[in-house]
Amino acid sequence: MIRTRSPYAGQTVTIRADVVDLGGRQYRVEDWWQNVTGGSWMDAAGNPAALTYAIRSACAGLPTDNEVLYGKVGYLGYLVHISEIAVDEPAANAAPEQDQVDPAVAR
């Protein structure tokens, strides 16, 4: 069940701010869960990261599919659905760029 490597593999991304317990945190993506373990997270009986994700995904109403990444926040491993990655949100601690200053404020 190996699939093409995730475009986020090897990158550190930000988790969307509205994600319970993980929102706004930096997430170091290893790859799709399927590629890391060779199977679906739904078949990972007893795996703490998969169990935590199962509960969180059910409460959040996430899709029951295999669009799930494995990575780390700090030294702990987590599963995160691809839809929980902040694509267009700026990093929480990123400095504002100079050319984004409102001209009305700069006067």
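Of the 107 residues in the chain, 34% are buried (under 20% relative accessible area with a 1.4 Å probe, protein chains only). This is a predicted model, in which local features need pLDDT of at least 70 and side-chain atom pairs count only at pLDDT 80 or more, while totals for chains, interfaces and linings use all residues. Residues are numbered from 1 along each chain as its sequence is written, and side-chain values use heavy atoms, with hydrogens and water left out.

The chain has 3 helices and 4 strands, taken as DSSP runs (H or I of at least four residues for helices, E of at least two for strands) numbered from the N terminus. Along the sequence they follow the pattern β-β-α-α-β-β-α.

Strand 3 (residues 68-73) and strand 4 (residues 76-81) run antiparallel and are joined by 6 bridges; pairing requires at least two DSSP bridges. Gly71 has Tyr78 of strand 4 as its bridge partner. The hairpin leaves 2 residues between these strands, and Gly74 takes a positive phi near 65 degrees there.

The largest nonpolar core has 11 residues, including Val13, Leu22, Trp32, Leu69 and Ile85. Such a core is a set of buried Ala, Val, Leu, Ile, Met, Phe, Trp, Tyr and Cys residues joined through side-chain atoms within 4.5 Å. Strand 2 (26-32) and strand 3 each give two or more residues to this core, and strand 2 supplies the largest share, 3 residues. Apart from this core lies another of 10 residues, among them Trp33, Ala44, Tyr53 and Leu62.

Contacts (heavy atoms within 4.5 Å) with a separation of 6 or more come 59% from residues 24 or more positions apart.

How values were computed:
Buried means under 20% relative accessible area, exposed over 50%, partly exposed in between (1.4 Å probe, protein chains only).
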